[in-house]
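This report takes a helix pair first, then some backbone and loop details. Please keep the sequence and model in view while reading.

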Amino acid sequence: MPLVRISVLRGKSRSYRRAIADNIYEALRESFNVPEEDRFMVITEHDPEDLVFSRSYMGMARTDDFVLIQLTVSNTRTIEQKKALYARIVERLNQQPGIRPEDIFINLVEVNKENWSFGHGLAQYAL
C-alpha cells in the first residue's frame with residue numbers, strides 16, 4: 001500500500017516520468033509514513049484524445065503538462081495527513097520536474113486494509 005496510478009500525455013521523457021514517480025513516493029513517505037520499499041506505481045502515457053480533462057474547471061488554466069494522480073490507500077489517514085500529502089506532492093512536482101500546481105490533479109481512493117494482497121494469495125493487512 002499505496003497503489004499509485006499516474007497518467008500523462010504521451011511524449012514526456014523517461015526522466016520526466018521517473019521524477020514524477022520518485023517525488024510522489026517521497027511525498028508519501030514524508031506525509032503518510034509509507035515504509036521504505038512500499039512502492040507500487042503505474043505510469044501510463046495517453047494520446048490527447050485518450051486523456052480527457054477540463055482545461056478550466058475550478059478556475060484553473062491547465063496545459064498539456066497535466067498529470068492525473070490516483071492513489072489507492074488504506075483508510076487510516078486523517079484529513080490533516082491528506083491535506084499535507086496533496087500539498088507535498090504539488091510542492092515536489094513543482095520543483096522537479098517543474099509541473100505547475102494547476103496541472104496536478106490528485107484523487108485519493110481509500111479501501112479497507114483487508115483489500116490488499118501483496119503476494120501468495122494472502123491478505124497481509126487483514127487482522
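Helices (H or I, at least four residues) and strands (E, at least two) are DSSP runs, numbered from the N terminus.

## Basis

The model is predicted: local features need pLDDT of at least 70, side-chain atom pairs count only at pLDDT 80 or more, and totals for chains, interfaces and linings use all residues. Residues are numbered from 1 along each chain as its sequence is written, and side-chain values use heavy atoms, with hydrogens and water left out.

## The H1–H2 pair

Helix H1 covers residues 14–32 and helix H2 covers residues 79–95. Their axes come within 9 Å and cross at roughly 150°. Axes here are lines fitted to C-alpha atoms, for helices over the stretch in contact, and angles run from 0 to 180 degrees between N-to-C directions. H1 and H2 are therefore roughly antiparallel. Angles over 145 degrees count as roughly antiparallel, under 35 as roughly parallel, 65 to 115 as roughly perpendicular and the rest as oblique. The crossing of H1 past H2 is right-handed. That term applies if the near helix is turned clockwise from the far one by less than a right angle, and left-handed if anticlockwise.

On the H1 side, the contact (heavy atoms within 4.5 Å) is made by Ala19, Ile20, Asn23, Ile24, Glu26, Ala27, Leu28, Glu30, Ser31 and Phe32. H2 brings Gln81, Lys82, Ala84, Leu85, Arg88, Ile89, Arg92 and Leu93. By class, the contact has ten nonpolar, three polar and five charged residues. Ala, Val, Leu, Ile, Met, Phe, Trp, Tyr, Cys and Pro count as nonpolar, Asp, Glu, Lys and Arg as charged, and the others, Gly among them, as polar.

## Helix H1

H1 has 19 residues. From its first C-alpha to its last it reaches 26 Å, close to the 27 Å expected at 1.5 Å a residue. The expected span is 1.5 Å times one less than the number of residues.

Buried residues of H1 include Tyr16, Arg17, Ala21 and Tyr25. Buried means under 20% relative accessible area, exposed over 50%, partly exposed in between (1.4 Å probe, protein chains only). The buried residues of H1 pack against strand E1 (3–9), strand E2 (40–46), E3, H2 and E4. Just after H1, Asn33 takes a positive phi of about 55°.

## Helix H2

The 17 residues of H2 should span 24 Å, and its end C-alpha atoms are 24 Å apart, which agrees. Lys82, Leu85, Ile89, Val90, Arg92 and Leu93 of H2 are buried. Their cover includes H1, strand E3 (67–74) and strand E4 (104–111).

Pro97 lies in the loop between H2 and E4. A cis peptide bond joins Gln96 to Pro97, with omega about 20°.

Phe53 sits in the loop between E2 and E3. Its relative accessibility is 17%, so Phe53 counts as buried. Leaving aside neighbours within four places in sequence, Phe53 is in contact with Arg62, Thr63 and Phe66. Its C-alpha is 22 Å from that of Ala19, 34 residues apart along the chain.

Met58 is also in the loop between E2 and E3. Its phi is near 65°, a positive value in a residue other than glycine. At 62% relative accessibility, Met58 counts as exposed.

## His120

His120 is in the segment after E4. Its phi is positive, about 60°, although His120 is not a glycine. At 81% relative accessibility, His120 counts as exposed. Most residues other than glycine have a negative phi, and most peptide bonds are trans.
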